[in-house]
Amino acid sequence: MLSEQMVQIVGILAAIASTASFAPQAWKIVSTRDVKGLSRRMYALTVAGFALWLTYGIGKGDWALMVPNAICLTLTIFILAMLCMPRAKREVVADAIQPTEQ
């Protein structure tokens with residue numbers, strides 16, 4: 001059985017890993033403006049999962065569930081939105097975040 005302190009450490013590491021796992025994908029989309037090979041269905045399901053986890057965390061009043069799931073939800077909504085946008089609109093959004101060199 002894990003001590004309460006070990007459970008907290010595992011929870012913190014899980015939150016960091018989950019959150020960090022979507023940031024590189026979001027940044028790659030911004031830098032390359034490319035979404036080839038990404039699945040809309042997978043990201044739609046992932047958005048739904050994080051929304052449910054966030055709702056669960058809110059219901060329990062558990063900040064350790066709310067904060068990382070809110071961050072992951074934001075990142076996955078961004079990725080899904082970029083997947084659903086036409087290329088021209090994706091370019092505008094990406095340029096607003098990271099302008100291309102002229």
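Q: Which residues form one aromatic cluster?
A: In this predicted model, Phe22, Tyr43 and Phe50 form one aromatic cluster. A search of the whole structure finds three aromatic pairs.

Q: What makes the pair of Phe22 and Phe50 edge-to-face?
A: Two values decide. The ring centres of Phe22 and Phe50 are 5.5 Å apart, and rings pair if their centres lie within 6.5 Å. Their planes stand at 85 degrees, and planes over 60 degrees apart count as edge-to-face. The pair of Phe22 and Phe50 is therefore edge-to-face.

Q: Which parts does the pair of Phe22 and Phe50 tie together?
A: Phe22 lies in helix 1 and Phe50 lies in helix 2, so the pair ties together parts that are 28 residues apart in sequence.

Q: Why do Phe22 and Phe50 count as buried?
A: Buried means under 20% relative accessible area. Phe22 has 13% relative accessibility, so Phe22 counts as buried. Phe50 has a relative accessible area of 12%, so Phe50 is buried.

Q: What makes Trp53 and Tyr56 an aromatic pair that is edge-to-face?
A: The rings of Trp53 and Tyr56 are 5.7 Å apart, centre to centre. The limit for pairing is 6.5 Å. The angle between the planes of Trp53 and Tyr56 is 80 degrees, and edge-to-face asks for over 60. Trp53 and Tyr56 are three residues apart in helix 2, so about one helical turn separates them.

Q: Are Trp53 and Tyr56 buried, partly exposed or exposed?
A: Buried means under 20%, exposed means over 50%, and partly exposed is in between. Trp53 has a relative accessible area of 47%, so Trp53 is partly exposed. Tyr56 has 42%, so Tyr56 is partly exposed.

Q: Why are helix 2 and helix 3 called roughly antiparallel?
A: Helix 2 covers residues 40-60 and helix 3 covers residues 63-84. They pack at an angle of about 155 degrees, with their axes 8 Å apart. Angles over 145 degrees count as roughly antiparallel. Helix 2 and helix 3 are therefore roughly antiparallel to each other. Their crossing is left-handed.

Q: Which residues of helix 2 and helix 3 meet?
A: The helix 2 side includes Tyr43, Val47, Phe50, Trp53 and Tyr56. The helix 3 side includes Leu73, Thr76, Ile77 and Leu80. The residues of this contact divide into 19 nonpolar, four polar and one charged.

Q: How do you know that Val47 is buried, and which residues does Val47 touch?
A: Val47 lies in helix 2. The relative accessible area of Val47 is 15%, and the limit for buried is under 20%. Val47 is therefore buried. Val47 touches Leu73, Thr76, Ile77 and Leu80, not counting residues up to four places away in sequence. The C-alpha atoms of Val47 and Ile77 are separated by 6.2 Å, though the two residues are 30 residues apart along the chain.

Q: Why does Thr19 count as buried?
A: Thr19 is in helix 1, residues 4-32. Thr19 has 19% relative accessibility, and buried means under 20%. Thr19 therefore counts as buried. Thr19 touches Pro68, Ile71, Cys72 and Leu75, leaving aside residues up to four places away in sequence.

Q: Does Gly11 count as buried or partly exposed?
A: Gly11 lies in helix 1. At 37% relative accessibility, Gly11 falls between 20% and 50%, so Gly11 counts as partly exposed. Gly11 and Ala64 are 53 residues apart in sequence, and their C-alpha atoms are 7.5 Å apart in space.

Note on methods: Residues numbered from 1 in each chain as written. Predicted model: local features only at pLDDT ≥ 70, side-chain atom pairs only at ≥ 80, totals over all residues. Heavy atoms only, no water. Axes fitted to C-alpha atoms, helices over the stretch in contact; angles between N-to-C directions. Helix = DSSP H or I, 4+ residues; strand = E, 2+ residues; numbered from the N terminus. Parallel < 35°, antiparallel > 145°, perpendicular 65-115°, else oblique. Left-handed = near helix turned anticlockwise from the far one by under 90°. Contact = heavy atoms within 4.5 Å. Nonpolar A, V, L, I, M, F, W, Y, C, P; charged D, E, K, R; others polar. Buried < 20%, exposed > 50% of the residue type's maximum accessible area, 1.4 Å probe, protein only. Phe/Tyr/Trp six-rings, centres within 6.5 Å; stacked < 30°, edge-to-face > 60°.
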